[in-house]
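Me: Here is a model I would like to go through. Let us take the sheet and the helix packing in turn.

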Amino acid sequence: MNQYSGLKLQALAIGSLTHNNIEKAMNVVKRDFSQIPFFPQLKNINKNEDMIFQVLEGLPSFLPSRLENLSINPESKEFSQDLKSFLADFEQIISENNTEILENYKISKEFSSSFEEFEKIIKETKPPFAKGQIVGPFTLTTTLKDNNCIAVINNKTVQDVVIKLLSLKALWIIKRIKKANPETIPIIFLDEPSISKLEHTTYTKISKSGVSQMLKEISDIIKANGGISAIHCCGKCDWSIPINAEIEILNPDAFTFAENFSIYAPMIKKHLEQGRKIAWGLVPTDNEKIKTVTLEILIKKFEQAVKYLTNKGIDEKLIIDNSLITSSCGAGSLSIKDSERAMDLVAELSKELRARL
């Protein structure tokens with residue numbers, strides 16, 4: 001079976017919603033994303049659903065009480081002891097497919113109030129795809145600090161642990177989706193807002209190829225276990241980084257940065273020729289823009305985004321056949337009303353483009 005079959009111009013959500021009521025949030029998921037449901041991050045219900053906090057369970061020597069300062073001490077005896085146990089667990093999970101140990105690295109109800117409802121939707125509706133998300137390794141390692149307030153990306157040991165931890169989170173999501181319905185194909189997004197700041201970063205010496213390798217390690221595990229790997233990056237992202245990591249779905253903020261995305265046209269062309277996808281972030285999640293944007297404006301935005309690539313020699317049909325529709329970023333900063341409007345517009349734009357094209 002072709003993993004990508006059926007994705008053309010489908011509606012896809014980015015992680016967060018504003019809702020403080022699970023039932024209302026999941027109604028949005030069922031209404032607007034029936035083909036690719038997701039589990040929303042609901043920070044207004046629980047601060048642990050912040051994209052950084054949500055993946056920290058299971059990190060050696062990290063305790064929930066440390067969420068406020070996001071620090072870890074790799075020089076401590078506690079870390080050394082936990083590290084040995086963690087690495088042994090990782091080896092057993094990956095080499096022996098030990099799902100019992102994998103449960104130690106789950107996203108618990110204390111860190112996702114919507115995941116169980118997400119599973120119920122998959123069981124009941126049996127969608128062709130389901131979407132999960134984790135924060136990306138570059139963003140996490142540049143956010144977490146050590147005991148000297150230095151980003152842990154500079155510590156090779158901790159960097160490796162973070163990559164492995166995120167791989168286990170992605171694997172756990174895949175296994176849960178497959179348990180809910182074996183025929184549903186998991187799409188796992190790495191949320192990487194910090195990559196757009198890489199060239200301006202002074203606190204790390206990591207290269208672009210180094211970031212690509214971080215992403216590739218997680219992406220390879222996702223693909224090896226029946227999932228599709230994807231990446232969300234807002235701003236003027238260097239798209240050569242995820243393309244070189246062989247990420248399968250690229251998700252740019254196309255409402256604002258479609259022209260910047262087209263700078264990478266030669267690489268994008270090869271990406272598309274391999275059957276990989278672009279998830280165009282066309283619906284704005286800016287507090288002002290979402291109030292005035294219309295469906296016709298969004299259709300023109302899509303046409304312009306495609307034209308930027310066709311002007312650089314990429315076949316229009318190749319682009320459209322390998323396109324999905326998303327919002328430009330998560331909707332967690334909007335009012336509930338505007339958050340729902342953004343999600344409705346993603347669904348409406350997808351439906352209209354499929355009807356026209």
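Predicted model: local features only at pLDDT ≥ 70, side-chain atom pairs only at ≥ 80, totals over all residues.

Reply: Residues are numbered from 1 along each chain as its sequence is written, and side-chain values use heavy atoms, with hydrogens and water left out.

Me: In what order do the six strands of the open sheet run?
Reply: Strands here are DSSP runs (E, at least two residues), and helices are runs of H or I with at least four, numbered from the N terminus. Two strands pair if DSSP finds at least two bridges between them. The pairing in this sheet is parallel, and the order is S1-S2-S3-S4-S5-S6.

Me: Which are the edge strands?
Reply: An edge strand pairs on one side only. The two are strand S1 (129–135) and strand S6 (323–327).

Me: Which residue in S6 is the bridge partner of Val283?
Reply: S5 and S6 pair in the parallel sense over five bridges. In S6, Val283 has as its partner Ser327.

Me: How many residues of strand S5 are buried?
Reply: Buried means under 20% relative accessible area, exposed over 50%, and partly exposed in between (1.4 Å probe, protein chains only). Strand S5 (residues 277–283) is largely enclosed by the rest of the structure, because its buried residues number seven of the seven.

Me: At what angle do the axes of helix H4 and helix H6 cross?
Reply: Axes are lines fitted to C-alpha atoms, for helices over the stretch in contact, and angles run from 0 to 180 degrees between N-to-C directions. The axes of H4 (residues 115–125) and H6 (residues 156–180) come within 8 Å and cross at roughly 40°.

Me: Which residues of H7 make the contact with H6?
Reply: H6 and helix H7 (residues 208–224) pack at about 25°, with axes 9 Å apart. So H6 is roughly parallel to H7. Contact means heavy atoms within 4.5 Å. On the H6 side are Gln159, Ile163, Leu166, Ser167, Ala170 and Ile174, and on the H7 side Met214, Glu217, Ile218, Ile221 and Ile222.

Conventions: Parallel < 35°, antiparallel > 145°, perpendicular 65-115°, else oblique.
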